[in-house]
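Colleague: I'd like a walk through this structure, feature by feature. Could you give me the general idea each time, and then the case at hand?

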Amino acid sequence: MSVLVGLIVMLGMLVVVPLGLRLLDGPQPVTLRLLRRAWPLLALPGAVSLWLPRSPLAVLLAAVYALATLALALHAPVRLALTRSLAPAEIAALTALTTPAVAGLALVAERAGHELLGFELGILALTVPHFHFAGFAAALVAGLVCRTAPGPATRFAALSVPLGTLLVLLGYFVDDWAELAGALVLTAGMWAVALATWRELRADAPDPVTRALLTTSAAVLVATMLLALSWALGEATGLPHPSLTWMAATHGLGNALGFALCALLAWRRLAPARTGGATPPRTATAVPALRTELPA
């Protein structure tokens, strides 16, 4: 499992976060633009630390990445001060800025062999990918969907994904039932994202590749979040449920490749249509709402 989790985390560090930061709309302070450009160099030491034995060197390399995630999180209050908005899409964007810092802190503790706040090292290792994908990627995509296809369902998604992520984190400190409540809220939000993607974005995608990426991301969410619910329910009630190894190979890998990567690649392809940029969509059927959005 450690090899698979390491590969998933590397995907989050080196691909998902930098790709997602390029899609983040709204205020773009100079420091955020610089951090976005430097992200691959800052993430590389963290990725290397995953494959080293627990040691001071591994901790040092992980700390470089943790500092980068902290710098990203510090842009959340800056953004809030600039936008002065707590609209659902803004809450999702603020969540995307802050959640990688939880992953960075967990990575440093795990690489040091320190059971931070009493959590076992295996749980800390799984916290790192969780807050890259269920935290950063899910919140970012929920916010993009909310801005592009505004409505009650997408506003619900943009609020419930951050809330569910927070409740799952709090559940670690309370009990399995609290974690189950967080999983229910997060699943509802992710399914709302999937429904809006399927019904409103997929059908109007400007080309077959973008449509396929959106279809995959929506369909995968249905299955992977069912797995998350079954695991949380089993932990709370004692009913049979998948093991952590099985969850990493199914829920974790599916969310990383099938949801996060496919969704962000699709939104990257939609970016010219959203901005009205020089690169035109391949057909004339691009979603009208996409043409009026701010640059990502």
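Modeller: Let's begin with a term: a salt bridge is a side-chain nitrogen of Lys or Arg within 4 Å of a carboxyl oxygen of Asp or Glu. Keep in mind that this is a predicted model, where local features need pLDDT of at least 70 and side-chain atom pairs count only at pLDDT 80 or more, while totals for chains, interfaces and linings use all residues. Residues are numbered from 1 along each chain as its sequence is written, and side-chain values use heavy atoms, with hydrogens and water left out.

Colleague: Fine. How many salt bridges does the structure hold?

Modeller: The general idea is that side chains of opposite charge can pair when their charged atoms come close. Here there are seven salt bridges. Take Arg147 and Glu90: their closest N and O atoms are 2.4 Å apart. Arg147 sits in helix α6 and Glu90 in helix α5, so this pair ties together parts 57 residues apart in sequence. Helices here are DSSP runs (H or I, at least four residues), numbered from the N terminus.

Colleague: Is Glu90 buried or exposed?

Modeller: Buried means under 20% relative accessible area, exposed over 50%, and partly exposed in between, with a 1.4 Å probe and protein chains only. Glu90 has a relative accessible area of 6%, so it is buried. Arg147, at 23%, counts as partly exposed.

Colleague: And which residue forms a salt bridge with Asp25?

Modeller: Arg79 does, with the closest N and O atoms 3.8 Å apart. That pair links distant parts of the chain, since Asp25 is in the loop between α1 and α2, and Arg79 is in helix α4, 54 residues apart. Asp25 counts as buried at 4% relative accessibility, and Arg79 counts as buried at 3%. Another pair is Arg111 with Glu110, at 2.8 Å between the closest N and O atoms; Arg111 is buried, and so is Glu110.

Colleague: How far apart are the end C-alpha atoms of α3?

Modeller: The expected span of a helix is 1.5 Å times one less than its number of residues. Helix α3 (residues 56–73) has 18 residues and should span 26 Å; its end C-alpha atoms are 25 Å apart, which agrees.

Colleague: One last item: which residue has a phi near 50°?

Modeller: That's Arg84, and the value is positive in a residue other than glycine. Arg84 lies in the loop between α4 and α5, and at 78% relative accessibility Arg84 counts as exposed.

Technical notes. Helix = DSSP H or I, 4+ residues; strand = E, 2+ residues; numbered from the N terminus.
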